[in-house]
Amino acid sequence: MSDLNKVSLIDTSEEEQASLVQAIPAPTAPALKEHDNLLDDVVEDVQQHTTASTTTEPETKQQQDEAIILATSAKEEGWEDDKKEHPLASLSLEEYENNDPWAAQPEDNALLQADVEEEDEDHAEAALVQQPVATTTVFDADNRHEPVNEEQLDEDTSATKGFQNFHDSDKIDDLNVKGQLPEWLVGEHFTIGPSTFDIKYTRKIEIDGELQNASAFYTFGHWFDALPLVNRFDLNGSRNSVTYRHRSTSRRLVEKIREHHGYAPQHPNALYMSNTNQTVLSKFLGSSKANKPDAEPCAARILANIPGLEGRLFAQNYANHVQELDPFDLKPTRLLQWNEINPKFKGTSSCPNGKYDVRTGEYINFSMEVGYQSVKYNFFSISDKNPKGSLLASVTAPMAYVNNFSMTPKYIIFVMCPILANAGGVKYNWNESIMDSFSFRPSEPTLFYVISREKGDVVATYRSDPCFVFNHINAFEDDRDGVYLDMICYPDDTIARQLTTEYLRNPSTMQPSRLVASEVRRYLLANIEEEKITYMANNSLIPSKTSVTTRIFGLFGKKQTPASNDLEYNNQNQDMNKWYSWMPIASYDKRVQPSIELPQINPKFSMYKHTIMYGLGFSAASSLKDGAIWDSIVKTNMDTKQIEASWHQDFCYPSEAVFVPRPSIGPEDEVGEDEGVLISVVMNSAKSTSFLLVLDAGSLNVLATADLERLVPLSFAHGSYRLREN
């Protein structure tokens with residue numbers, strides 16, 4: 001930054017101020033970057049042809065002709081004194097429920113920026129500054145407490161920009177790092193998210209008796225269905241550098257969709273909630289050939305390693321596919337299905353959120369095998385010592401949509417929410433989308449299957465309130481033969497149906513108008529060994545795939561009513577005559593105020609008692625706003641039930657914040673639970689760009705940022721990292 005840009009106008013006359021302003025050279029427009037993009041014609045006029053979007057491409061920002069110079073100088077002491085505390089930082093859950101902390105809070109809750117006093121009108125006129133619609137204060141890198149200038153921002157500062165197509169390229173960028181990375185942070189950070197929502201195609205139409213070409217668009221209907229984008233960040237703390245590269249990993253599928261004017265997958269669970277734009281006949285005429293690696297979208301999770309599999313980077317989808325990627329250029333190189341690794345791992349779908357046991361070196365997951373009259377969930381284990389893997393247990397249970405599970409050293413905790421298959425799974429077998437194949441049944445309980453890892457069998461089942469779950473947090477055992485399980489819970493599946501492309505691009509049309517709030521619940525599965533006898537005597541009463549729909553109205557023809565959402569599930573009286581009345585109850589309590597998603601803990605505490613949890617939350621300004629999505633990163637204490645710290649910056653929307661623990665430097669170096677960093681890709685809507693954010697995991701203070709110089713779409717998927725050994 002030049003000295004001219006740092007000059008203060010406080011002690012100068014009006015004539016000197018005017019001369020200084022005129023002397024500041026106007027910024028030159030940056031040269032447009034060329035992109036090797038297969039989708040150059042995809043986004044050009046998508047808003048004119050699709051009803052799913054009314055948001056236009058962000059226009060190039062107009063260069064300002066005049067310098068914007070602030071007349072106030074924030075001193076370091078004043079900066080620290082004026083920092084605002086997060087409105088939930090000192091509230092317990094009980095205090096929150098009795099007194100809504102959002103109601104009396106000011107809308108400005110930016111923890112990254114200083115509180116700068118507003119300039120009076122006379123000084124604004126003297127500085128010849130025209131106030132923009134929205135502004136942000138920019139600080140000098142050498143002294144962040146001295147405001148240098150204000151930048152004019154886009155009028156649209158909403159999150160809708162994060163749900164548009166991404167322009168792909170094969171370029172590797174050296175990013176400009178502001179701040180200082182920890183010296184120990186040397187490695188790769190991988191994220192995966194949406195790249196392509198809309199694909200333009202040409203079709204023939206008849207006009208006045210003549211065939212003419214017309215353009216149309218195929219739009220994926222859900223956030224989770226957009227074709228994937230993989231991002232790789234190489235961080236080097238000792239050099240304080242970050243390099244970045246990215247790749248759309250389904251380029252072949254783009255051409256296939258353009259050719260067929262839609263997408264008709266040949267297997268179940270390929271779409272979350274999208275219209276295929278194809279006829280039933282397309283399911284019979286589809287190719288029986290195996291898909292090429294870049295023709296199968298895998299966008300639910302990315303892993304830097306899967307024990308037992310050769311390769312250094314893998315992506316997974318909601319079906320049973322594992323896509324190997326080249327870790328350097330991110331090109332798909334191989335496509336696997338779990339039953340190809342071991343025929344016993346049969347199933348048309350699998351969980352994208354498998355678990356890793358660092359003690360045993362095992363990667364554990366399950367596949368769902370749909371039979372004629374029953375459904376089996378086949379839990380399996382693979383490791384470097386046993387690359388072919390082994391079958392741990394097969395659980396016969398109702399056919400349900402299950403996105404996650406938990407694990408302890410002794411048990412696998414398989415939670416089945418009552419989002420059950422329609423018509424015995426017929427629609428699922430016809431390859432319809434997940435949310436079209438399953439429906440939430442509020443009259444059915446949430447089931448908890450406790451599977452012994454040693455015995456390879458179910459040892460107990462529990463029941464609790466009906467709920468819907470995207471993500472588990474952790475599970476751990478106590479010393480009284482019980483297991484505690486932490487999950488992010490919703491009252492039903494409405495949240496999944498709110499995250500459609502149409503609602504996210506047009507938040508004013510969202511139904512309901514606000515995202516459904518989640519609850520952080522801690523469940524207790526007590527006296528597991530004692531409940532084994534109860535399970536052995538009654539497990540035959542658990543509905544199978546075909547009988548579950550007949551039991552929705554109870555064993556005696558009485559229609560069931562939804563269970564209450566009290567602190568604990570205690571509807572024993574009204575449930576005495578239900579098929580699940582023999583099951584012990586999994587009680588729970590609420591741990592953190594709503595609403596948090598994409599939870600993270602220190603991975604070294606996985607399967608053991610943890611205290612600290614991180615996740616995405618809402619700022620005071622957005623918590624009551626219709627159509628708003630997560631715009632903060634929060635740190636919570638699960639024991640005190642309090643939010644300890646948070647990060648928020650105006651007009652910015654983070655994707656998952658991945659916790660990277662600080663490595664120990666020796667046997668006497670005990671690393672604390674919150675010692676490490678959080679890494680997130682954040683979209684700055686006001687500037688129509690994104691940046692990499694690195695936070696201190698203890699305080700959530702900003703350690704470093706790196707501008708990506710492009711807008712990366714927001715992601716709900718799970719990332720990964722790989723630290724290099726010293």
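Predicted model: local features only at pLDDT ≥ 70, side-chain atom pairs only at ≥ 80, totals over all residues.
Q: Which residues of β30 point which way?
A: Ile-612, Tyr-614 and Leu-616 point one way from β30, while Met-613, Gly-615 and Gly-617 point the other way, and all of them are buried.

Q: What sheet is it in, and in which order do the strands come?
A: The open sheet has four strands in the order β29-β30-β31-β32, paired in the antiparallel sense, where pairing requires that DSSP finds at least two bridges between two strands. β29 (597-600) and β32 (642-647) stand at the edges with a single partner strand each, so one side of each has no neighbour in the sheet. From one strand to the next the twist averages 25 degrees, with axes taken as lines fitted to C-alpha atoms (for helices, over the stretch in contact) and angles running from 0 to 180 degrees between N-to-C directions.

Q: How many bridges join β30 to β31, and what stands opposite Gly-615?
A: Six bridges join β30 to β31, and Gly-615 stands opposite Val-634 in β31. On the β29 side, β29 and β30 pair over two bridges, with Gln-600 opposite Tyr-614 in β30.

Q: And how many join β31 to β32?
A: Five bridges join β31 (residues 632-637) to β32, and the bridge partner of Thr-636 in β32 is Ile-643.

Q: New topic: how many salt bridges are there in the whole structure?
A: A search of the whole structure finds 33 salt bridges, each being a side-chain nitrogen of Lys or Arg within 4 Å of a carboxyl oxygen of Asp or Glu. In one of them, the closest N and O atoms of Lys-590 and Glu-519 are 3.4 Å apart. Lys-590 lies in strand β28 (residues 587-592) and Glu-519 in strand β27 (residues 519-525), so the pair ties together parts that are 71 residues apart in sequence.

Q: Is Lys-590 buried or exposed?
A: Lys-590 is buried, with a relative accessible area of 17%, whereas Glu-519 counts as partly exposed at 22%.

Q: What about Arg-480, buried or exposed?
A: Arg-480 is exposed, with a relative accessible area of 53%, and its side chain meets that of Asp-478 in a salt bridge (3.6 Å, N to O).

Q: Last one: which residues make the nonpolar surface patch of about 270 Å²?
A: Val-280, Val-426 and Trp-430 make that patch. Patches are made of residues with over 30% relative accessible area and no salt bridge, joining like charges within 9 Å and nonpolar side chains (Val, Leu, Ile, Met, Phe, Trp, Tyr) within 5 Å. Accessible areas come from the Shrake-Rupley method with a 1.4 Å probe, and for residues only the protein chains shown count as cover. Trp-430 is partly exposed at 38% relative accessible area and is found in the loop between α9 (426-429) and α10 (434-437).

Methods. Residues numbered from 1 in each chain as written. Heavy atoms only, no water. Buried < 20%, exposed > 50% of the residue type's maximum accessible area, 1.4 Å probe, protein only.
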